[in-house]
Amino acid sequence: MASLLSCGTALAQNASNPNIVFVFPDQFRNCSMEFWNDAAYADKVRWKADPAITPRLREFAGQSVVLSNAVSNCPISSPYRGIFLTGMYPERSGIQSNCMSLRPTCSLAPDAECISDVLHANGYECAYIGKFHAQFPTPNNPQKAGTYVEERWPAWDAYTEPHQRHGFDWWYSYGTFDEHFNPHYWDNDGRRTDPHEFSVKHEVDKAIEFLQGRDDKTRPFFLCLGMNPPHSPYSNEGDCNACDLDLYRNKSLKELYVRENADTTMEKAPSMRYYLANVTAVDREFGRLMDYLREAALDENTIVVFTSDHGETMCSHGVQDPKNSIWTEAFNVPFIIRYPRVLEHRTDDMLLSTIDIMPTLLSLAGLADKVPATAEGRDLAPALRGEKPSGVDCALYIRNLNGEPDPDGMIRKYFPQARGIKTERYTFEVSIKRDGSLAGMKLFDDWSDPYQLHSLKRSSNKALYRSMLAKLRDKLRESNDVWYRESILDKIAASL
C-alpha cells in the first residue's frame with residue numbers, strides 16, 4: 001500500500017461538493033450490531049443487541065451520527081429502493097411491491113427524478129454496484145435476445161438497460177439473485193460476469209476498482225453499494241464463509257437469541273448462526289472499503305452512510321416472514337452517517353424514514369435547492385448537524401400485498417393491507433381484511449415493552465388510541481395515501 005499512500009494527495013478531490021458512499025446490505029437488522037451493548041450506546045435503546053461480531057461498524061459508529069430510530073417505510077426490498085432513489089412513497093415511485101415478472105406495474109417510474117439523476121446533473125460521477133431489484137423483468141437478456149435472464153418462472157432477476165439507470169454511469173449490477181457464492185453482474189455494456197466468489201467481497205473489490213479507475217479525480221462521486229447478504233439463504237454452512245461461521249458455530253440457541261420475543265422452537269432457529277456469520281462478513285468488507293477511502297485520502301470529504309432496506313424478524317414473535325411487518329426487528333434499520341468536520345459523533349433518537357434520505361443527502365452535498373419538487377420526505381440535514389430538532393413526530397409504515405390476479409395470472413393491482421406509524425415512544429398499526437373491514441390493531445409502548453410483547457388494550461387506553469388514529473390520519477393525508485383518498489381509516493375509526 002506504500003504507493004497508494006504516497007499518492008493520497010493527488011487522489012484527493014476538490015472540496016466543493018462531498019463524495020457520497022451509500023452502503024446498504026439487504027435484510028440487516030439494527031440490533032445485529034455489537035456496539036449497541038457498549039456502555040456508550042446501551043442507554044440509547046431498551047433492548048439487547050444480538051451477539052454479532054461487528055468491530056468495523058463499532059469503529060465507524062464512533063466517528064458518526066448513529067440513529068436508533070431509523071425506519072424503513074415499506075420494509076421490503078424493491079419498495080425501499082424506489083423510495084430511496086426517488087424520495088417518493090411507493091404509489092408514486094412506481095414500486096408498490098417486490099419487482100418480479102408477474103407484477104408488471106411494479107417498476108421504477110421511468111420519468112422519476114432520482115437522487116442519481118440530480119447528482120449526475122450536478123457534476124457527480126455515479127456508480128451502482130450490486131443488487132438493484134427495482135425493475136420489472138422483461139425478456140431483454142443481452143446475452144440471448146428475446147429471453148429473460150433466468151429460466152425459472154416467474155422471473156425475479158432482471159437486466160437493467162442503460163436508459164433505465166437514472167444517471168448511474170458506472171454500472172455493475174443485477175436484479176435479484178440469492179446465491180452468495182455464485183453471483184453474477186452486468187456491466188455498463190451489458191456484459192455478464194460470473195466471478196464465482198463471495199458476493200460482498202467481490203462487490204467491494206469492484207467499488208475499489210471504480211474509485212481507482214476514475215479519470216477525473218477532482219469530480220465528486222456517488223457510489224451506491226447494494227449487498228445481498230445477510231439476506232437469505234442462511235440455512236446451512238454453504239451459505240456463509242467458514243471463518244465467519246466459526247465465530248458462531250458452537251453457540252447454543254440460548255446464546256444466539258437474546259431478544260425476549262424470540263421463539264427458538266421454530267424450524268428456522270438454527271439460521272441465526274448463518275445469518276450472523278454473514279453480518280460479520282459484511283462488517284469486514286465494509287471496513288475494507290473504509291480503509292481504502294482513508295488510504296486514498298478520500299475519507300475526509302466523503303459522506304458515508306451504512307443502512308439497510310429492512311431488518312429480519314429471525315424467529316421474533318414466531319412469524320415466518322422476515323420482513324414486511326411493523327415489528328421492530330423488521331421496521332427498524334441501521335442508519336449511521338459519517339461526514340468529517342460537518343457531523344459530530346453522537347447517538348440520536350430522531351425519527352428518520354427512507355423517504356427522508358434523498359432530500360437529506362442532497363442537502364448535505366450542498367444541493368438542497370436541487371431537491372426535486374416530487375420528493376415527499378424532509379431534509380433532516382440541519383437535525384443531523386445538531387442545529388435544530390428534526391420536526392418529525394412520526395414515521396409512516398406501509399404494507400401492501402398482492403391484489404387479485406388477472407385471468408392471465410398477472411398481478412396489476414395491490415391490496416393496501418396495513419398502515420401504521422412509529423413515534424418516539426409508540427408503534428401503532430391498523431390492518432384490514434380484503435373487504436375493507438378492520439382486521440386488527442396493534443399498539444405498543446416501546447419504552448416499557450421494547451420487545452413488543454403486549455399490545456395495549458383499547459378499552460383501557462381509549463385516549464391514546466384516538467391520538468394514534470389522528471396522527472396516522474394526518475400522515476396518510478400528508479402522503480396522499482390510498483387509505484386517505486378512499487377514507488379507509490375514517491370508516492374504521494367511525495366503527496369503533
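First, some ground rules. This is a predicted model, where local features need pLDDT of at least 70, side-chain atom pairs count only at pLDDT 80 or more, and totals for chains, interfaces and linings use all residues. Residues are numbered from 1 along each chain as its sequence is written, and side-chain values use heavy atoms, with hydrogens and water left out. As for the element names, helices (H or I, at least four residues) and strands (E, at least two) are DSSP runs, numbered from the N terminus.

**The ten-stranded sheet**

Start with the open sheet of ten strands, which has mixed pairing and runs in the order β6-β5-β4-β3-β7-β1-β8-β9-β2-β10. Two strands count as paired if DSSP finds at least two bridges between them. At the edges stand β6 (192-193) and β10 (346-353); each has a single partner strand, so one side of each is left without a neighbour in the sheet. Elsewhere in the sheet, β8 (residues 302-307) and β9 (residues 335-338) run antiparallel and are joined by four bridges. Look at V304 and you'll find R338 of β9 standing opposite.

α5 touches β1 (19-23), β3 (125-131), β7 (221-226) and β8, where contact means heavy atoms within 4.5 Å. The direction of α5 makes about 170° with that of β3. For such angles, axes are lines fitted to C-alpha atoms, for helices over the stretch in contact, and the values run from 0 to 180 degrees between N-to-C directions. Helix α8 (residues 199-213) also packs here, touching β3, β4 (170-174), β5 (185-187) and β7, with its direction at about 170° to that of β7.

Buried here means under 20% relative accessible area, exposed means over 50%, and partly exposed is in between (1.4 Å probe, protein chains only). Among those buried residues are Y80, R81 and F84.

**The four-stranded sheet**

There's a further open sheet, of four strands, with antiparallel pairing and the order β11-β12-β13-β14. Its edges are β11 (395-402) and β14 (438-445), each with a single partner strand, so one side of each has no neighbour in the sheet. On average, neighbouring strands of this sheet are turned by 15° against each other, direction ignored. Seven bridges join β13 (residues 426-432) to β14, and the bridge partner of F428 in β14 is L443. Helix α15 (residues 462-478) packs on this sheet, touching β11, β12 (414-422), β13 and β14, and its direction makes about 75° with that of β13.

Most residues other than glycine have a negative phi, and most peptide bonds are trans. Here are some spots that go the other way.

| Spot | Backbone value |
|---|---|
| P229 to P230 | cis, omega near 10° |
| S232 to P233 | cis, omega near 10° |
| Q27 | positive phi, about 70° |
| H317 | positive phi, about 65° |

Q27 is in the loop between β1 and α3 (39-42) and is buried, with a relative accessible area of 1%. H317 belongs to the loop between β8 and α12 (328-331) and is partly exposed, at 22% relative accessible area.
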